[in-house]
Amino acid sequence: MVIKKYIIFAVAVCFGFSQEFGKNKVQYEQFEWDYIQSQHFDIYFYDGGKPIAEFAASAAEKACQQISDRINFKLNRRISLILYNSHNDFQQTNITLSYLEEGVGGFTEFYKNRIVLPFEGSYSQFRHVLHHEMVHALLNEMMYGGTLQSAIANRIFFQLPLWMNEGLAEFLSLGWDEHSDLVIRDMTTYSRFPKIPELSGYFAYKGGQSVWRFIVQEYGCEKIAEILHNARKYRNVEKSFKRSLGVNLYDLSEDWHAWLREQHWSDAIQRQNVAEIGSKITDHKKWGNFFNIAPAISPDGSMIAFLSDKHEHSDIFLYSVADDRIVRKLVSGGKTAHLEELKWLTPGISWSPDNHRICFAAKSGSQDAIIVKNIQTGKMKRFVLDLDGIFSTAWSPMGEKIAIVGIKNGQSDIYSFHLETEELINLTNDVASEFEPSWSADGLVIVYAHENLTDDISKTNSIGFVRDISTVDVETGTKSLLLTAEGDENFPKFSTDGKNLLYTSDQSGISNLYKFNIAQKTSEPLTNLDGGVFQPSWSRDSNQFVFATFQDGGWDIVRVTDVLSLPTQEEIPITIFRKEDNAGLKLQKSVADKIGSPNLDRVDENPYSDYIFGHDFSVTKDSSQATDEIQSFDENGQWIVKKYKTKFTLDYADAYASYGPRFGFQGSNVFVLSDILGNYQMYLSAELFLNLKNSDYSFVFMNFKNRINFGIGFWHSAHFFLDPPYITRYSQTGIEALVSLPFSKFSRIEVGLNRIAITDDQFVYELSEESLIGTRTVSANPLRLSLIADQVSWGHTGPKDGRRMKFSLVNFPKIAIGDLAFQTFRFDFRQYFSFFREYSFAARLSGAFSQGENAQTFFLGGQSNWINYHFSEDPNYGDAEELYFSDIVTPLRGANYYAQAGNRCFLMNAELRFPFVHFLYLGFPTNILFQNIRGAIFADIGSAWNSENLVLNSSLWKSENEILQGYGTGVRIFLGYFLLKIDAAWTPENSTWSKPKYYFSVGADF
């Protein structure tokens, strides 16, 4: 799908309209939508999603009440929840045109206050994300008003900082949990203390969550509402904290840091160092990366495969134990449709018994697939299964089957897949969410972790879910609870002799390794690591053991040579958080004492009614809520399901501005309408002046519902140029049809057909009267064909790694008298290299040639969106062909606009991008914080010429015009909604250099 702002389409001209790169949203499926209604929510779902919707309805109402109590604000309008059965389906949503990476668990759309999220196998995680997004929805209404107009106006002048917004959403949805404690404990241990206003990126979430926890513990829970209401009143974050707590944010930062040291420093000295039990095979500090996870050791213990973002993307690397080094990269993820995503959040790599192959789950086109990779031949085979999602593969010891976690219709189960017959069998088939399957040595039993319930589902940090360990007999499907304890148990692994089970448990507040004696049914801890034990793997001979741990701001992999010989830890000290948690909430791992034991084998119409949320939640009218009376259930107590009907409503009404060197600043009022699912979108813009011929207006309709996207649009614009006593008015009228066919996330083909007419009216003013002295019309019928590929990953100011390319051919056939006739071919190839994480090198080669009766002219020089622009020669405002059908080619810094012109051109750019200033806080004349100021060193080389002026010789070609060159440096600064680029460029002049030329411009780097 074309990823662009189609408002641009409404005012763009002919073939220049679609010049954007961007990854695609591919509509692989067509969903038939229904919805149910609770007191405050309309919950939309499709085939197989009714259980998810019922759970969401109950969870959302409970979350709404809890959040309202905390922030002292009542919801005044209904909220739409749009639910998807899987992340793959979620990525097809049209509510946002942005591509949704694997790590995006949901989002809240601002203007219509829609919450959109997928089910990804875990109801506890689903509940958390829903609650998190509910906080955003209520804060949007509280801070920015209940109407569209007030929301737009208020959001322009004031926005909550990311740490405050996301941190509160995490705190109110989780309270505090083991993962948050892990991240903040590590930050405290290694004294990486950012000030509160400096919290950004992932720390905006977890650091902000910790700040709110500190405020509640030190000042009281009621301060949440007081701070927010003061922020709404004063439109100033600093003042809201000063009024509410009596301290500014920097003093609060010092208090927060001291509180963290008190919480965690004394605890850190009680923990083991990783070096005491094993050795790290990765080094995220040295490599400059973050993730080294999901290790899988081969059955003979000689090789380890693991996931890493060492090269920016999600890749699988192969490590040799004997050589103590990474041998090679096995799999490159995130660059092709067959390996679009490698399941970072729920990884699971497994080896075949012969040590020759690995298997793993990946998003492959429209669905998840099991990928089998031969590490010797490099051959890869994929198995696409009829499941909504696939996670955590485990190869059977006999080699003929692979166990997976599969999601289907809102239910997560353990499946076995036969590699030869391709038979898929659901082994557990129950409503409990299951994770991390592992085989017994004889291949008869699979052990796995699964969610269960505690006795208190009102708990803010788990909503009643904890994890236990069970087994399932592969032949009979018989399930047995094997292990239950306080906290979450995960990642179970049988020993080869079947006598012991290794697993992780966070009962101490940190996920550490435990050994369970199956015969005696006793457990003992084997590790006491501050960074925890995650995703362990055990070789067949039980000698080699590897796991992932979090330490000093990143993930690394640790190898232990003989795990069963590790000395037993007498007692693992309990973290302060877990002490507080245990004091306030008694964990009970069996639901039998409270509601009776649920039948996990039963699958019925409403499998969650017994023990997650029933139909007994309140649906009575709350007089304080501006919601209509809703009948949620029929006479039998079942949800009333209604069919979705397309209905257009206003997304937003706003004004926008654009800037260009020829027409300067332009603006228009914009109205955007769409249906609730975003499948159909309409854009209207207008800037009226005296009459329609002097005004700008447009209409665009886009259909995103199907695999092939299409749109139609009509526009009219008027531009005036004054040369006293003469005035020239150009009236442009056009209509375009666009069709876009995405092949995958990374490539697409576009076809556009236009009809454009430009009328050139000349007037003379005499004694304040206007007289028309001449009229001329130029028309064109461009037919455009483009092939676009985009595999880049983004940095702070532009792409930082990967490749982009675009080839386009535009034909202007002469159909009627006065039509322009020419053909233009353009190419644009860009390659980006990332290194040391924060640095990148960008190289670009682009060019174009045009031929025909009215061959297009390319004007070389300058910078895109150049504010303080200069022309080498004035544009010919009396030439409609030049103004509307030529093209300005940038960036070539060191030169002005129109430095060279011709119907042929080429441009080469090279740019080194690097961090310049991480944080800059100015106290005068007002408090302003600048973050991530970036630097750049660049070289631009290009030339434009006419075909008849090209001269060839034996070694080089040259043109009548010289090759332009510009070299320089610059900085990029984020200023609210836009990126300001400041460049200084020099050009070579004989044996010296020119004076610097300065460029102030806006927009992302190329």
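Visitor: Where does Pro891 lie?
Guide: Pro891 is in the loop between β45 (887-889) and β46 (900-902). Strands (E, at least two residues) and helices (H or I, at least four) are DSSP runs here, numbered from the N terminus.

Visitor: And the peptide bond from Thr890 to Pro891, which form is that?
Guide: That bond is cis, with omega near 0 degrees.

Visitor: Before I go on, what am I looking at?
Guide: This is a predicted model, so to speak of local features pLDDT has to be at least 70, side-chain atom pairs count only at 80 or more, and totals for chains, interfaces and linings use all residues. Residues are numbered from 1 along each chain as its sequence is written, and side-chain values use heavy atoms, with hydrogens and water left out.

Visitor: What does the protein chain average for pLDDT?
Guide: The average is 86, and 87% of the residues score at least 70. pLDDT is the predictor's confidence in each residue, from 0 to 100.

Visitor: Where is confidence lowest, and where highest?
Guide: The lowest is in helix α14 (residues 592-595), with a mean of 28, while strand β18 (residues 424-426) is highest at 97. Residues 1-19 have pLDDT below 50, though that stretch has 76 contacts in the model beyond near neighbours in sequence. Contact means heavy atoms within 4.5 Å. Residues 951-960 are below 50 too, with twelve such contacts. Where pLDDT is low, the predicted coordinates should not be read in detail.

Visitor: OK, sheets. What's the order in the open sheet of six strands?
Guide: The order is β4-β5-β3-β2-β1-β30, with mixed pairing. Two strands pair if DSSP finds at least two bridges between them. β4 (107-109) and β30 (642-643) are at the edges with a single partner strand each, so one side of each has no neighbour in the sheet.

Visitor: How many bridges join β1 to β2?
Guide: Four, linking β1 (residues 34-37) and β2 (residues 41-45) in the antiparallel sense. Asp34 sits opposite Phe45 in β2.

Visitor: Which strands does α2 touch on that sheet?
Guide: Helix α2 (residues 50-71) packs on the sheet against β1, β2 and β3 (79-84), and its direction makes about 155 degrees with that of β2. Axes are lines fitted to C-alpha atoms, for helices over the stretch in contact, and angles run from 0 to 180 degrees between N-to-C directions. Helix α4 (residues 123-144) also packs on the sheet, touching β2, β3, β4 and β5 (114-118), at about 165 degrees to β5.

Visitor: Helix on helix, then. At what angle do α8 and α9 pack?
Guide: Helix α8 (residues 202-219) and helix α9 (residues 222-234) make an angle of about 115 degrees, with axes 8 Å apart. Trp212, Ile215, Val216 and Tyr219 from α8 meet Glu222, Lys223, Ile224 and Ile227 from α9. By class, that contact has six nonpolar, no polar and two charged residues. Ala, Val, Leu, Ile, Met, Phe, Trp, Tyr, Cys and Pro count as nonpolar, Asp, Glu, Lys and Arg as charged, and the others, Gly among them, as polar.

Visitor: Last one: how many bridges join β47 to β48?
Guide: 17, running antiparallel, with β48 covering residues 928-945. Glu911 stands opposite Phe938 in β48. β47 (residues 904-922) is also joined antiparallel to β43 (residues 839-851), by ten bridges.
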